[in-house]
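Here is a short briefing to read alongside the structure. Have the view open as you go, and follow the topics in order.

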Amino acid sequence: MEKRRHQRMTINNLWADVSDGKGFYSGMVTDLSRFGLRLTDLPLRCDTSQRLSIVVSGQGKNFKMLARPCWTKKDNTQKSVGVEIMNASWGWTEFVMSHEPPPVDVWGEVALRASPAFPSISQGSIRKPPER
């Protein structure tokens with residue numbers, strides 16, 4: 001099974017309404033990516049052994065998704081759950097992408113040195129393309 005690499009981030013003031021098929025519960029979204037969420041402050045009675053229907057709300061938006069729990073951590077009064085998003089709207093992807101940090105400018109990091117195979121390449125011979 002291929003493990004996905006993704007950018008995890010925190011966006012303040014997001015909460016989740018969660019249904020396990022038997023009841024409805026509220027919790028906080030404390031960590032998210034395009035592919036998953038960490039939900040906290042869920043009551044212990046929320047069944048996290050099966051798929052969950054989740055509505056994430058905040059910043060004037062609501063996103064409905066189906067998720068598969070991957071891990072659960074319990075304490076005396078509540079639980080935290082990490083879920084993999086199984087399906088979400090394109091709006092969710094756009095929302096997450098709008099909060100991701102900008103990509104790293106790798107062009108500023110490239111430095112080549114001459115080698116016997118390519119003697120004409122020298123340090124600094126590759127430059128960043130002009131801005132459009």
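**Strands, helix and core**

Strand 3 and strand 6 run antiparallel and are joined by 6 bridges. They belong to a closed barrel of 6 strands, ordered 1-2-3-6-5-4 with antiparallel pairing. From one strand to the next, the twist averages 45°. Please keep in mind that this is a predicted model.

**The barrel, pair by pair**

- Strand 4 pairs with strand 5 in the antiparallel sense, over 7 bridges. Here Ser53 stands opposite Leu66 of strand 5.
- Strand 4 and strand 5 also form a hairpin with 2 residues between them. In that turn, Gln59 has a positive phi of about 55°.
- Strand 5 and strand 6 are antiparallel too, and 9 bridges pair them. Ala67 stands opposite Ile85 in strand 6, and a hairpin through 3 residues joins strand 5 to strand 6.
- As a reminder, strands of a sheet pair through backbone hydrogen bonds, in either a parallel or an antiparallel sense.

**The helix across the strands**

- Where does helix 1 lie? Helix 1 lies across strand 2, strand 3, strand 4, strand 5 and strand 6, and runs at about 75° to strand 5.
- Trp92, Thr93, Phe95 and Val96 are the buried residues of helix 1. Seen down the helix axis, these buried residues fall within an arc of 160°, so they line one face of helix 1.
- On the other side of helix 1, Trp90 and Ser98 are exposed.
- The cover over the buried residues of helix 1 includes strand 2, strand 3, strand 4, strand 5 and strand 6.

**The nonpolar core**

- The largest nonpolar core has 23 residues, and Leu37, Ile54 and Trp92 touch the most other members.
- Which elements give two or more residues to this core? They are strand 1 (15–19), strand 2 (24–32), strand 3 (36–43), strand 4 (52–58), strand 5 (61–74), strand 6 (78–88) and helix 1 (90–99).
- Ile54 shows how such a residue meets other parts of the chain: leaving aside neighbours within four places in sequence, its contacts include Ala16, Val18, Leu37, Leu39, Phe63, Met65, Ala67 and Val83. Asp17 and Lys64 are also among the contacts of Ile54.

**The aromatic cluster**

- A pair of aromatic rings is described by the distance of the centres and the angle of the planes.
- The count comes to 3 aromatic pairs. One of them is Phe63 with Phe95, a tilted pair at 5.0 Å centre to centre, with 40° between the planes. This pair links distant parts of the chain, with Phe63 in strand 5 and Phe95 in helix 1, 32 residues apart.
- Are Phe63 and Phe95 buried or exposed? Phe63 counts as buried because its relative accessibility is 7%, under the 20% cut-off. Phe95 is buried as well, with a relative accessible area of 4%.
- Trp92 and Phe95 make another tilted pair, at 5.9 Å centre to centre and 35° between the planes. Both lie in helix 1, 3 residues apart, about one turn of the helix.
- An α-helix has 3.6 residues a turn, so residues three or four places apart point the same way.
- Trp92 and Phe95 are both buried, and together with Phe63 they form one aromatic cluster.

How values were computed. Residues numbered from 1 in each chain as written. Predicted model: local features only at pLDDT ≥ 70, side-chain atom pairs only at ≥ 80, totals over all residues. Heavy atoms only, no water. Core = buried A, V, L, I, M, F, W, Y, C linked by side-chain atoms within 4.5 Å. Buried < 20%, exposed > 50% of the residue type's maximum accessible area, 1.4 Å probe, protein only. Helix = DSSP H or I, 4+ residues; strand = E, 2+ residues; numbered from the N terminus. Contact = heavy atoms within 4.5 Å. Pairing = 2+ DSSP bridges. Axes fitted to C-alpha atoms, helices over the stretch in contact; angles between N-to-C directions. Phe/Tyr/Trp six-rings, centres within 6.5 Å; stacked < 30°, edge-to-face > 60°. Arc of directions from axis to C-beta.
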